[in-house]
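Here's a quick briefing to read with the model open beside you. Take it one topic at a time and find each residue as you go.

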Amino acid sequence: LDPQGKAVAGGLKNLGMNQVDDIRIGRHITLTLSSDSEADAQKLVESACDKLLVNRVMEYYEYDLKQA
């Protein structure tokens with residue numbers, strides 16, 4: 001169970017990011033999404049980080065894309 005992940009997933013869906021299938025919050029954030037291309041996946045991850053996941057004043061982020 002990941003209540004924080006469920007809340008963030010709901011927030012992303014409210015922002016129109018319906019491609020997000022699952023999100024896990026812990027020391028790292030694991031985001032599972034559906035995308036037609038790697039470029040679209042990068043745009044979605046960056047948008048999610050900028051709009052909801054990262055406080056740019058206090059945090060920075062890096063991400064890796066892995067194909068399932």
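Let's start with Asp50, which counts as partly exposed because its relative accessibility is 44%. On that scale, buried means under 20% relative accessible area, exposed means over 50%, and partly exposed is in between (1.4 Å probe, protein chains only). Asp50 has a partner: its side chain meets that of Arg56 in a salt bridge, at 3.6 Å from N to O. Keep in mind that this is a predicted model, where local features need pLDDT of at least 70 and side-chain atom pairs count only at pLDDT 80 or more, while totals for chains, interfaces and linings use all residues. Residues are numbered from 1 along each chain as its sequence is written, and side-chain values use heavy atoms, with hydrogens and water left out.

**Salt bridges**

- A salt bridge here is a side-chain nitrogen of Lys or Arg within 4 Å of a carboxyl oxygen of Asp or Glu.
- How many of them does a search of the whole structure find? The search turns up two.

**The overall layout**

- The protein has two helices and two strands, and from the N terminus on they run α-β-β-α.
- Helices (H or I, at least four residues) and strands (E, at least two) are DSSP runs, numbered from the N terminus.
- Along its principal axes, the C-alpha trace spans about 30 × 25 × 20 Å.
- With 68 residues, a compact globule would have a radius of gyration near 11 Å, and the protein agrees, with 11 Å.
- That radius is taken over C-alpha atoms, and the globule rule is 2.2 Å times the number of residues to the power 0.38.
- Of the 68 residues, 24% count as buried.
- Take the contacts between residues at least 6 apart in sequence: 27% of them join residues at least 24 apart. Contact means heavy atoms within 4.5 Å.

- Which residues of α2 (residues 38-53) are buried? They are Ala41, Leu44, Val45, Ala48, Cys49 and Leu53.
- Look down the axis of α2 and these buried residues fall within an arc of 130°, so they line one face of the helix. The arc is that of the directions from the helix axis to the C-beta atoms.
- A handy rule: an α-helix has 3.6 residues a turn, so residues three or four places apart point the same way.
- Lys43 and Lys51 are exposed, on the face of α2 turned away from its buried side.
- The buried residues of α2 pack against α1 (3-14), β1 (20-25) and β2 (29-33).

**The nonpolar core**

- The largest nonpolar core has twelve residues, among them Val8, Ala9, Leu12, Met17, Val20, Ile23 and Val54.
- α1, β1 and α2 are the elements that give two or more residues to this core, and α2 gives the most, with five.
- Such a core is a set of buried Ala, Val, Leu, Ile, Met, Phe, Trp, Tyr and Cys residues joined through side-chain atoms within 4.5 Å.
- Val8 is in contact with Ile23, Ile25, Leu52 and Leu53, leaving aside its neighbours within four places in sequence.
- Leu53, in helix α2, is buried, with a relative accessible area of 17%.
- Not counting residues up to four places away in sequence, Leu53 touches Val8, Ile23, Ile29, Ala48 and Glu59.
- Leu53 and Ile29 are 24 residues apart along the chain, and their C-alpha atoms are separated by 8.8 Å.

**The aromatic pair**

- A search of the whole structure finds one aromatic pair.
- The rings of Tyr61 and Tyr63 have their centres 6.4 Å apart and their planes at 20°, so the pair is stacked.
- Rings of Phe, Tyr and Trp (its six-membered ring) pair if their centres lie within 6.5 Å; planes under 30 degrees apart count as stacked, over 60 as edge-to-face and the rest as tilted.
- Tyr61 is partly exposed, at 21% relative accessibility, and Tyr63 is partly exposed, at 28%.
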